[in-house]
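User: I would like to learn how to read salt bridges in a protein model. Please take me through the case shown here.

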Amino acid sequence: MKEEDAKTPSPRTLRGLDWLNFFLADVRTGIGPFLAIYLAGYGWDEQRVGIALTVGGIAEILAQTPAGALVDHLRSKRALIIAGIVALAAGSLLIALVPTFWSVMSAQVLIGGTSSIFGPAICAISLGIVGHQLFDRRQGRNQAFNSAGNVVAAVSMGLIGYYISDSQHFFLRVGLRDPDHPHPSPHPSR
């Protein structure tokens, strides 16, 4: 057994990786249904909503190879994840605060392109923490926490969108309160 494969990470490190996977779950695909409802509330027709969702998806696809190369090139994967989270927050705020065609398209490119770094970065961090021998098991655990995070995020954003406001889930992503709905109250149209 190689020295690299005999890693014994601390439980705290492994829990941190678990929670990173949980909280980064659904950072890209989960916003789509809520974005469609949100933009429809601003009078966007199906075609424009579809274009916005497609632009984000294309940006994500086009960024996959460069994102993987960037992860391989950079030494600090954690800093890259932090930069990605900041970019996602900026994109979410741009959509929530300025729901115009070009700002939403720009935000979708930013969100789609940035979300491509998380998968390779988490894999690289996982490999560095547990080594080759335990990597498959770690990836299974990563996906379990990612799936749990997807469920919690979808249910939470759906409830927030229904009971508080259609834009609140964009603010929730960055820990802010919607300035148009400062106090939680039932949605008036439901």
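**Salt bridges and burial**

Analyst: To begin with burial, Asp 18 is buried, with a relative accessible area of 2%. Here buried means under 20% relative accessible area, exposed over 50%, and partly exposed in between (1.4 Å probe, protein chains only). This is a predicted model, in which local features need pLDDT of at least 70 and side-chain atom pairs count only at pLDDT 80 or more, while totals for chains, interfaces and linings use all residues. Residues are numbered from 1 along each chain as its sequence is written, and side-chain values use heavy atoms, with hydrogens and water left out.

User: How many salt bridges does a search of the whole structure find?

Analyst: A salt bridge is a side-chain nitrogen of Lys or Arg within 4 Å of a carboxyl oxygen of Asp or Glu. The search of the whole structure finds two. In one, Asp 18 pairs with Arg 138, and the closest N and O atoms are 2.4 Å apart. Because Asp 18 lies in helix α1 (residues 11-23) and Arg 138 in helix α7 (residues 135-163), this pair ties together parts that are 120 residues apart in sequence. Helices are DSSP runs (H or I, at least four residues), numbered from the N terminus.

User: Which side chain meets Arg 141 in a salt bridge?

Analyst: That of Asp 18, at 2.8 Å from N to O.

Methods:
Helices (H or I, at least four residues) and strands (E, at least two) are DSSP runs, numbered from the N terminus.
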